[in-house]
Amino acid sequence: MGEVKLIGSSGSLFCTRVEWALKLKGIDYEYIQEDLLNKSELLIKSNPVHKKIPVLLHDDKPVVESLVILEYIDETWKGYSLLPQDPHERATARFWAKFVDDKCVIGSWQAMAMQDEGEAKAKAIESVQELYAFIEKQIEGKKFFGGEQIGYLDLVMGWKTLWLSAMEEVGNVKLLDPEKFPSLHQWAENFKEIPIIHESMPQQETLVNYFQGGLNYLRSLETNKQ
């Protein structure tokens with residue numbers, strides 16, 4: 001099926017979900033580690049609009065944006081199915097995947113990055129937890145979002161298993177309380193037990209450094225603007 005390369009960064013949740021998909025499908029690929037502070041010509045050429053990771057190169061043809069890449073992988077390589085076969089279930093999975101990336105990931109980052117330890121931060125945490133409540137309802141009574149085996153939405157949600165705890169540590173916040181979100185907590189435990197998933201997770205320290213570095217960089221930009 002051609003040569004496959006993945007341009008990414010080891011701490012990126014968006015890149016790791018693509019790696020999980022490739023491994024679930026049994027696809028051999030070359031991983032190209034990108035320096036995000038000194039972006040390569042290959043990345044800029046492959047994703048000239050956003051200049052972001054991940055980028056999947058299939059026979060040197062680029063596919064960008066992690067959600068798009070997951071669907072491309074599922075459509076191109078048969079075998080293990082990521083997306084549901086039923087059209088309505090497939091559309092629903094796409095809806096919640098976009099909700100997770102546009103709302104939950106961004107909201108969690110914003111709560112982590114907020115330096116104010118007072119009422120504003122408490123409201124930010126509450127807002128994020130309101131978003132998680134929607135996801136909690138989607139997983140209630142199920143082992144995985146994809147049913148008895150992990151699928152597209154599980155891979156999209158996979159960042160909650162480790163990346164979120166790193167965010168909580170960096171931002172000194174508690175966003176996903178197991179008592180408040182028991183179904184999500186149990187889902188995360190089930191997800192982490194799958195060998196392909198567990199083996200592809202970065203170390204907690206790596207993720208803490210990744211988020212702290214990103215936060216420090218953004219704050220330095222804000223300082224320079226003043």
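**View 1. Helix α4 meets helix α7.** In this predicted model, the axes of helix α4 (residues 87-113) and helix α7 (residues 163-171) come within 8 Å and cross at roughly 25 degrees. Because angles under 35 degrees count as roughly parallel, α4 is described as roughly parallel to α7. The crossing of α4 past α7 is left-handed.

**View 2. The residues where α4 and α7 touch.** Look for Ser108, Trp109 and Met112 on the α4 side of the contact. From α7, the partners are Leu164, Met167, Val170 and Gly171.

**View 3. Gln212 and Met167.** Here we visit helix α10 (residues 204-225), where Gln212 has its place. Gln212 lies 45 residues from Met167 in sequence, and their C-alpha atoms are 8.6 Å apart in space. With a relative accessible area of 27%, Gln212 is partly exposed.

**View 4. Strand β1, covered on both faces.** Now turn to strand β1 (residues 4-8), which is mostly covered, with five of its five residues buried. On one side you can find Val4, Leu6 and Gly8, and on the other Lys5 and Ile7, all of them buried.

**View 5. The two partners of β1 shown here.** Strand β3 (residues 55-58) runs antiparallel to β1, and four bridges join the two. Within this pairing, Ile7 has Val55 of β3 as its bridge partner. Strand β2 (residues 30-33) pairs with β1 in the parallel sense, also over four bridges. There, Gln33 of β2 stands opposite Gly8.

How values were computed: Residues are numbered from 1 along each chain as its sequence is written. This is a predicted model: local features need pLDDT of at least 70, side-chain atom pairs count only at pLDDT 80 or more; totals for chains, interfaces and linings use all residues. Side-chain values use heavy atoms; hydrogens and water are left out. Axes are lines fitted to C-alpha atoms, for helices over the stretch in contact, and angles run from 0 to 180 degrees between N-to-C directions. Angles under 35 degrees count as roughly parallel, over 145 as roughly antiparallel, 65 to 115 as roughly perpendicular and the rest as oblique. A crossing is left-handed if the near helix is turned anticlockwise from the far one by less than a right angle, and right-handed if clockwise. Contact means heavy atoms within 4.5 Å. Buried means under 20% relative accessible area, exposed over 50%, partly exposed in between (1.4 Å probe, protein chains only). Two strands pair if DSSP finds at least two bridges between them.
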